[in-house]
Amino acid sequence: LYLALQQQHDELVHHQQRQLAEHEVAEQVFAKIVHRGSLDLPGIRYLISPAAIFNGDLLLAARRPSGGLHLLLGDFAGHGLPAAIGAMPVADIFYRMTEKGYAISEIAIEINNKLRSVLPPGLFLAAGLIELDAARRRLGVWNGGLPEVLLCDATGQVRRRLPSRHLPLGIVDSDRLDRRVEFADAADGDRLYLYTDGVIEARNAAGEMFGAGRLEQCLVEYAASARRFDELCQCLACFRDRSAEADDTTL
């Protein structure tokens, strides 16, 4: 019996090591395909915290030929490998169409077409696409299923809310998808906050959710700090403490 148990243990360890090695290779390929954009620009700060080896959240940034910037924050239904597989064609379409100068509404339609053709039923992408035009001090938002995008002033007060007005991508055919973009004017000192529901639905040991109200309170509290984003992330981590992440978290 001991020898049989030992053999089973050795087989499980070997299987686990092989699976981890395969995941590492897949993760490297995934990172090269997805994260080839402009997330390292000085105006962008972000927190990405996956609940599994593969992240169901997707954060992309790329410069437009005219000098503007496109951002995409996505949250696939579920997480892990199935979501990661869907992320690769989304990233390819986003980078390719941004490089060619397409508007975010056209990018949303093309991503929807692709997801409708490759994803199984029940898997879809809640997504926010952002177009930043610094020269005209203007931003455009297409929000399909994400929490409301917050445009805050220098004191951290929310001066414009840009809620979801569209269906997530991959649910309906593109001729039924609303492509209208909502625009807002920006001023010096403004900051734009995008996040997935993993942020506001994060729970502490007592089962209490972080919530949108606590998030906005933190935005005001840390607005004057040079480390405002780091302190916001620390606030979220302290609230969660050692509680396991139930969902991917991106801010």
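Just after H6, Asp-241 takes a positive phi of about 55°. This is a predicted model, in which local features need pLDDT of at least 70, side-chain atom pairs count only at pLDDT 80 or more, and totals for chains, interfaces and linings use all residues. Residues are numbered from 1 along each chain as its sequence is written, and side-chain values use heavy atoms, with hydrogens and water left out. Helices (H or I, at least four residues) and strands (E, at least two) are DSSP runs numbered from the N terminus.

**Helix H6**

- The 13 residues of H6 (residues 228-240) should span 18 Å at 1.5 Å a residue, and the end C-alpha atoms are 19 Å apart, which agrees; the expected span is 1.5 Å times one less than the number of residues.
- Buried residues in H6 are Phe-229, Leu-232, Cys-233, Cys-235, Leu-236, Phe-239 and Arg-240, where buried means under 20% relative accessible area, exposed over 50% and partly exposed in between (1.4 Å probe, protein chains only).
- These buried residues fall within an arc of 150° seen down the axis of H6, so they line one face of the helix; the arc is that of the directions from the helix axis to the C-beta atoms.
- An α-helix has 3.6 residues a turn, so residues three or four places apart point the same way.
- The cover over the buried residues of H6 includes strand S9 (191-193), helix H4 (197-200), helix H5 (211-221) and strand S10 (249-250), with contact meaning heavy atoms within 4.5 Å.

**Helix H5**

- Gly-211, Leu-215, Glu-216, Cys-218 and Leu-219 are buried in H5.
- Strand S6 (149-152), strand S7 (158-162), S9, H4 and H6 are among what covers the buried residues of H5.
- Ala-212 also lies in H5, but is partly exposed, with a relative accessible area of 31%.
- Between Ala-212 and Glu-201, eleven residues apart in sequence, the C-alpha to C-alpha distance is 8.7 Å.

**Largest pocket**

- The largest pocket holds about 1,100 Å³ of space.
- Of its 40 lining residues, Gly-43, Ile-44, Leu-132, Asp-190 and Leu-192 are the closest to the centre.
- Two or more lining residues come from each of strand S2 (57-63), strand S3 (69-76), strand S4 (125-133), strand S5 (138-144), S9 and H6; S3 gives the largest share, four residues.
- By class, the lining has 23 nonpolar residues (Ala, Val, Leu, Ile, Met, Phe, Trp, Tyr, Cys and Pro), eleven charged (Asp, Glu, Lys and Arg) and six polar (the others, Gly among them).
- A pocket is an open set of points on a 1 Å grid over the protein atoms alone, where a 1.4 Å probe fits, with protein on both sides within 12 Å along at least five of seven lines; lining residues have an atom within 4 Å of a point.
- Grid points are joined across faces, edges and corners, and the volume is the space filled by probe spheres set on the points.

**Single residues**

- Arg-137, in the loop between S4 and S5, has a positive phi of about 50° although it is not a glycine.
- Arg-137 is partly exposed, at a relative accessible area of 41%.
- Ile-104 belongs to helix H3 (residues 104-118) and counts as buried at 1% relative accessibility.
- Beyond four places in sequence, Ile-104 touches His-70, Leu-129, Ile-130, Glu-131, Gly-140, Val-141, Trp-142 and Val-181.
- Gly-101, in the loop between helix H2 (81-99) and H3, is partly exposed at 32% relative accessible area.
- Apart from neighbours within four places in sequence, Gly-101 is in contact with Arg-64 and Pro-65.
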